[in-house]
Each structure stands twice: as structure tokens, then as C-alpha cells.
Amino acid sequence: MTSDSTDTSPVRLGVVGLGRAFVLTLPAFRADPRIRLAAACDPRPAARAAFEREFGGRTYEAVEDLCSDPTVEAVYIASPHELHCAHVLAAAAAGKHVLVEKPLAVSLEDGARMVATCAAAGVHLLVGPSHSFDAPVQLARGLIDSGVLGRVRMIHAFNYTDFLYRPRRPEELDTGRGGGVIFSQGVHQIDIVRLLAGGRARQVFAMTGAWDPERPTEGAYSALLSFDEAFACLTYSGYAHFDSDEWMDWRGELGNAKCPGAYGAARRALREMSDPAEELRLKAARTYGAGDGSPEAIGYEHFGPVIVSCDRADLRLTPQGIHVYGDTELRFEPAAAFRFPRAELTDALFLAVRRGRPPVQTGAWGLASLEVCHALLAAARSNAPVELKYQTGLGEPK
């Protein structure tokens with residue numbers, strides 16, 4: 001993993017999958033001159049043609065062909081969850097650094113293989129974007145690291161969204177293929193909580209909810225995670241009733257201004273469909289080259305209310321910064337000035353590839369968060385706590 005600390009040239013990035021995940025991260029790639037989109041792979045000719053028009057470079061139908069492109073030095077894997085392992089292994093075999101969408105993989109066995117293969121190939125493996133990159137989360141971690149607040153003792157994180165009723169492909173509603181809210185959404189909360197609590201979780205107890213036969217996967221959960229000196233309660237619902245953005249000043253997850261008058265839109269759209277194929281068409285319409293971009297961000301992203309209880313203060317995270325409730329005073333610590341969406345992710349990618357300085361969110365970190373996802377499901381099935389063994393703490397070898 002050698003790097004040239006004087007090299008300031010843009011990271012030449014190849015993209016595998018021009019779907020919704022790519023669309024949501026695209027504003028960061030467009031805004032950051034340190035990243036150049038050099039090539040792409042997607043099965044859809046229209047998406048490949050749109051990429052060539054906007055960015056130039058070559059496009060491919062086969063992942064192996066993109067990975068062998070000499071103009072590509074790092075690969076962003078934004079394909080469906082169940083394809084992450086094969087695509088990461090192909091990139092590593094070609095000697096390319098890898099940024100893979102969360103979750104790292106569907107199975108723990110695949111995740112462990114991905115981490116080991118990238119390490120053996122001498123390439124960086126980063127997992128993201130996840131909301132643990134968000135500037136307010138990083139600010140909270142910095143306040144904790146200062147030591148003035150004492151130790152973290154308790155964390156409460158919760159989020160209520162319409163996730164389950166947005167347009168979905170069949171595998172997104174199949175838990176065995178990485179569908180449902182736990183692999184797609186819970187991993188965000190897990191990443192945030194692990195970062196704030198120090199990383200190394202010990203035990204998970206959880207319950208899940210799968211309450212709609214027409215969306216046959218987990219749509220909700222509550223989990224209790226234990227750490228060495230702290231515990232955390234995580235709650236999520238994707239059933240499109242209460243919207244916790246109401247408690248975030250109507251700032252959407254993607255940093256966009258949100259209209260309360262749009263309540264119920266996701267469920268209404270599904271009810272108005274004339275046949276199941278229409279849902280797939282709506283899903284396709286939200287991908288690159290189909291005209292549905294990401295909402296305009298006016299500030300930092302978030303993943304619902306988070307409260308961190310320390311010895312000498314509670315911290316409440318917001319998209320604008322951190323409210324600090326101390327022993328005798330209340331103050332607000334603003335986040336750094338907003339630059340562009342997901343700037344923290346492109347910072348991390350550039351620093352890993354050009355400076356050899358990977359972020360916390362490496363493959364080993366992603367494997368630990370994936371283990372918590374599986375433990376959450378296992379605990380709900382068994383109605384008993386599940387011990388963890390693949391965990392990694394902050395500052396430990398990556």
C-alpha cells in the first residue's frame with residue numbers, strides 16, 4: 001500500500017453499478033476535483049451512454065474488464081449487496097483499491113474473505129458511505145476524545161422513515177439476500193454507535209418486526225448493544241408512519257430541506273401501481289441516466305436523533321452541530337462549514353489512495369458492523385443475547 005505523499009493528482013475511480021447508490025454519492029464526485037470518474041460498469045446501455053457523455057472514459061458490461069482498465073486505480077462498488085463479494089475480489093485481484101457500499105457483504109464468511117483478500121493484495125478496502133462519516137458524528141467523536149466530558153456511558157439512536165415503501169427490487173425485500181432495514185439501514189446506526197462508543201461491541205440483544213406480508217422482510221427493530229463501559233439502544237422503523245425528521249427541523253437524511261406536506265407519498269405511490277412490474281420501473285427511474293437525481297443538499301446528512309450520555313454531559317447530534325448539556329451550562333458546538341454532500345467520504349478516499357491514510361471505516365470495521373447486523377437477527381430469533389467476536393476498536397490495526 002505504498003503512496004506518494006507529494007502526489008496531488010485526482011484519484012482515477014471506476015464505478016461498478018450506476019444505480020441508486022451511485023446517484024446518491026454522485027454529487028460528491030462531481031464537486032471534488034480530487035476524484036475523477038474514469039470508467040464505469042453497468043448492464044444497462046442507457047446508463048453507460050449517459051456516463052460516457054458526462055465523464056468520458058470507457059464503460060463496460062463485465063466487472064473484470066473494468067478492473068483491468070489501466071486508467072482505473074480505485075474501484076467504487078455500488079452494485080447490489082449480494083454482488084459485493086465477487087466484485088471486491090475482482091478489484092483486489094487487479095490490484096485496485098476499493099470503496100464498497102455498505103454493508104460490506106451479506107454473509108460474514110464473504111466479508112472475512114474480502115478483508116483478507118484485499119490485505120493480501122496490498123490494496124485499501126473502505127466501506128461507505130455510511131453516516132459515521134457525517135461531520136456532526138465526527139465532531140461528537142472529537143469532543144469525546146478531548147476527555148473533558150469523561151467516558152461515554154449510554155447512547156440512544158432512533159430513526160423513523162418510509163424506507164420499506166420506497167420502490168424496491170425483489171432482493172431488497174429478501175433478508176437472505178441482504179434485504180430489509182437491518183442490512184441497508186441498521187448498519188448506519190451500528191456504525192454511528194460503534195464510532196461514538198469506541199468501536200468494540202461485546203453483546204447484542206434485539207427484537208425485530210416484520211409486519212407487512214406484502215413487504216416480507218424486517219421493517220423495524222430495537223437493539224441493545226453492550227460495550228466495555230457503555231451501552232447503546234438502537235431503534236429503527238421503516239413503516240412510513242411517524243417521520244423522525246420532524247425532530248431534526250425537517251432536514252432529510254440526505255441533508256435536503258423536507259416538506260411536511262408530502263406525508264404519505266411513499267405508501268400512496270405503491271397503492272396507485274397497476275401491476276408489480278410498475279414498482280421495478282419506478283426503481284429504475286431513480287437510477288443514473290434515467291433522470292431522477294438526488295435531492296439538493298443544503299447541509300450535512302444525518303440518521304435521526306442521537307443522544308450520547310457521558311460522565312459530565314449529554315450530547316445531542318443535529319445536522320448543524322452538537323448541543324452539549326453540561327453539569328451547569330448548555331452550549332452549542334457548530335459543525336465545520338458545509339462544503340458539499342459526502343465531502344468526508346471523498347476526503348477519506350483521497351487520503352487512503354494518495355497518502356496511505358485510511359479512515360476508521362476499513363474492511364475490518366465494516367466486517368465488525370456486519371457481524372452486529374447478523375447478531376441482531378440471531379438475537380431476535382433466539383430471544384437471547386448474542387456474543388460478538390469480529391469486533392475492532394478505534395485505533396486498532398486496520
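This is a predicted model: local features need pLDDT of at least 70, side-chain atom pairs count only at pLDDT 80 or more; totals for chains, interfaces and linings use all residues.

Trainee: At what angle do helices H7 and H11 pack?

Mentor: Helices (H or I, at least four residues) and strands (E, at least two) are DSSP runs, numbered from the N terminus. Axes are lines fitted to C-alpha atoms, for helices over the stretch in contact, and angles run from 0 to 180 degrees between N-to-C directions. Here H7 (residues 181–197) and H11 (residues 363–382) pack at about 120 degrees, with their axes 9 Å apart. H7 is therefore oblique to H11; angles under 35 degrees count as roughly parallel, over 145 as roughly antiparallel, 65 to 115 as roughly perpendicular and the rest as oblique.

Trainee: Which residues make the contact between H7 and H11?

Mentor: Contact means heavy atoms within 4.5 Å. Among the residues involved are Ile-182, Phe-183 and Arg-194 of H7, and Trp-365, His-374 and Leu-377 of H11.

Trainee: How many aromatic pairs are there?

Mentor: Rings of Phe, Tyr and Trp (its six-membered ring) pair if their centres lie within 6.5 Å; planes under 30 degrees apart count as stacked, over 60 as edge-to-face and the rest as tilted. By this rule there are 11 aromatic pairs. The ring centres of Phe-29 and Tyr-76 are 5.5 Å apart and the planes stand at 70 degrees, so this pair is edge-to-face. Phe-29 belongs to helix H1 (residues 20–31) and Tyr-76 to strand E4 (residues 74–77), 47 residues apart.

Trainee: Are Phe-29 and Tyr-76 buried or exposed?

Mentor: Buried means under 20% relative accessible area, exposed over 50%, and partly exposed in between (1.4 Å probe, protein chains only). Both Phe-29 and Tyr-76 are buried. In another pair, Tyr-236 and Phe-303 have ring centres 5.8 Å apart and planes at 10 degrees, so the pair is stacked. Tyr-236 is buried at a relative accessible area of 1%, and Phe-303 is buried at 2%.

Trainee: Where is Glu-246 placed?

Mentor: Glu-246 is in the loop between E10 and helix H8 (265–271). Its relative accessibility is 43%, so Glu-246 counts as partly exposed.

Terms used
Residues are numbered from 1 along each chain as its sequence is written. Side-chain values use heavy atoms; hydrogens and water are left out.
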